[in-house]
Amino acid sequence: MKRLLRTLAGEVLSPPPIWLMRQAGRYLPEYRATRSEAGSFLDLCYSPALAEEVTLQPIRRYGFDASILFADILLVPQALGMHLEFVEGEGPRMAWPQGHERDVAALTAVEEIDATLGPVYETVARLAKSLPSETTLIGFAGAPWTVATYMAAGRGTPDQAPARRWALEDPQSFGAMIDRIAEATTHYLSRQIDAGAEVVMLFDSWAGSLIPQQFQAWAMAPVQEIVDALSERHPTVPIIGFPKGAGPMLAMYAAEVGVTAVAVDHHMPLEWAREVAGGKPIMGNLDPMLMSLGGPTLDAEVARILREMHGYPHIFNLGHGITPDVDPETVTRLVERVRTG
């Protein structure tokens with residue numbers, strides 16, 4: 001069995017398997033060349049040959065234990081009928097179908113989203129054939145709450161206030177949107193598994209913006225719905241949940257949401273995470289800023305994480321995504337340090 005899958009099954013490995021969030025990205029010169037060839041970010045996401053290529057690039061360089069599909073969490077709302085574009089230097093911009101602001105009934109039926117997402121499934125199928133035999137293929141999607149924050153605001157916001165306000169003022173219509181996202185996400189991840197994904201991951205990048213009551217309603221319940229449905233369809237496929245910024249609510253998430261493993265951000269004390277994870281494997285949680293610093297500071301933190309997670313099923317990763325300013329040679333150093341202990 002592949003090393004990452006063994007860890008997700010609860011086995012303690014030394015050294016632990018390693019991969020990095022956003023490991024295919026702008027810090028790699030080969031990625032920048034392929035991105036230029038594609039023309040736009042969305043063109044890259046929807047070109048199976050090019051998306052396969054950028055997914056493979058960090059595997060060729062570093063031999064990570066896992067490869068994660070190159071795509072974006074906002075492809076699902078786009079498939080549901082939202083207008084989506086990425087503005088250079090500013091990020092995503094979204095809009096509801098014209099004349100139907102916040103009208104969930106105007107969104108595309110889940111049965112029709114494959115017309116948009118078909119190229120993503122083709123990318124997964126290509127990767128299932130082209131990845132090294134020891135490399136685990138991870139599919140992914142955004143968790144409903146995080147996707148909803150972009151749909152509510154039309155862009156990223158510092159505090160996710162538009163989505164939080166909508167949820168408080170009209171929980172019925174907001175809940176209808178969450179339900180539609182959850183249904184579409186279940187379908188999307190199931191199709192990725194059918195195409196060859198061996199693990200799937202749900203990124204809830206803005207879970208930390210929710211107060212406890214909202215966290216249960218919007219970060220936990222929809223993910224549990226997705227997990228239940230996927231577990232029924234694909235009972236042997238592990239699911240990783242990443243409620244970034246959950247803080248003390250991680251205990252509730254780990255205990256009540258049926259994910260196989262939890263990813264933790266770099267603000268989470270690992271010793272405490274071990275206590276509340278209930279034996280579930282943990283992924284994380286090196287501070288991404290240390291990848292920019294490198295050197296002895298990075299080495300010391302790697303050693304600390306390995307020491308604190310010794311004897312526990314652990315996947316080495318960052319607490320969030322790798323940043324564009326990182327020197328590729330620093331990633332080489334990181335992998336060496338993890339694999340030599």
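Reader: Why is E30 called partly exposed?

Author: The relative accessibility of E30 is 22%. Buried means under 20% relative accessible area, exposed over 50%, and partly exposed in between (1.4 Å probe, protein chains only); E30 is therefore partly exposed. The model is a predicted one, in which local features need pLDDT of at least 70 and side-chain atom pairs count only at pLDDT 80 or more, while totals for chains, interfaces and linings use all residues. Residues are numbered from 1 along each chain as its sequence is written, and side-chain values use heavy atoms, with hydrogens and water left out.

Reader: What makes the pair R61 and E30 a salt bridge?

Author: A salt bridge is a side-chain nitrogen of Lys or Arg within 4 Å of a carboxyl oxygen of Asp or Glu. The N to O distance between the side chains of R61 and E30 is 2.7 Å, and the pair meets in a salt bridge. R61 lies in helix 4 (residues 48–62) and E30 in helix 2 (residues 29–38), so the pair ties together parts that are 31 residues apart in sequence. Helices here are DSSP runs of H or I with at least four residues, and strands are runs of E with at least two, numbered from the N terminus. R61, at 36% relative accessibility, also counts as partly exposed.

Reader: Which class, buried or partly exposed, applies to E52, and which to R126?

Author: E52 has a relative accessibility of 11% and is therefore buried, whereas R126, at 32%, is partly exposed. The side chains of E52 and R126 meet in a salt bridge at 2.8 Å, N to O. Because E52 lies in helix 4 and R126 in helix 6, this pair ties together parts that are 74 residues apart in sequence.

Reader: How do you know that R337 and D299 meet in a salt bridge?

Author: Their side chains are 3.3 Å apart, N to O, and this meets the definition of a salt bridge. R337 belongs to helix 15 (residues 328–340) and D299 to helix 14 (residues 295–308), so parts 38 residues apart in sequence are tied together. R337 is partly exposed at 29%, and D299 is buried at 18%. Salt bridges that share partners join R3, D65 and R339 into one network. The whole structure holds 16 salt bridges.

Reader: Which residues of helix 6 meet helix 9?

Author: D114, L117, V120, Y121, V124, A125 and A128 in helix 6 meet H187, Y188, R191, Q192 and A195 in helix 9, contact being heavy atoms within 4.5 Å. The axes of helix 6 (residues 114–130) and helix 9 (residues 171–195) come within 8 Å and cross at roughly 30 degrees; axes are lines fitted to C-alpha atoms, for helices over the stretch in contact, and angles run from 0 to 180 degrees between N-to-C directions.

Reader: Why is A219 called buried?

Author: A219 has a relative accessible area of 0% and is therefore buried. This residue is found in helix 10 (residues 212–233). Leaving aside neighbours within four places in sequence, A219 is in contact with D204, A207, L210, Q214 and Y253.
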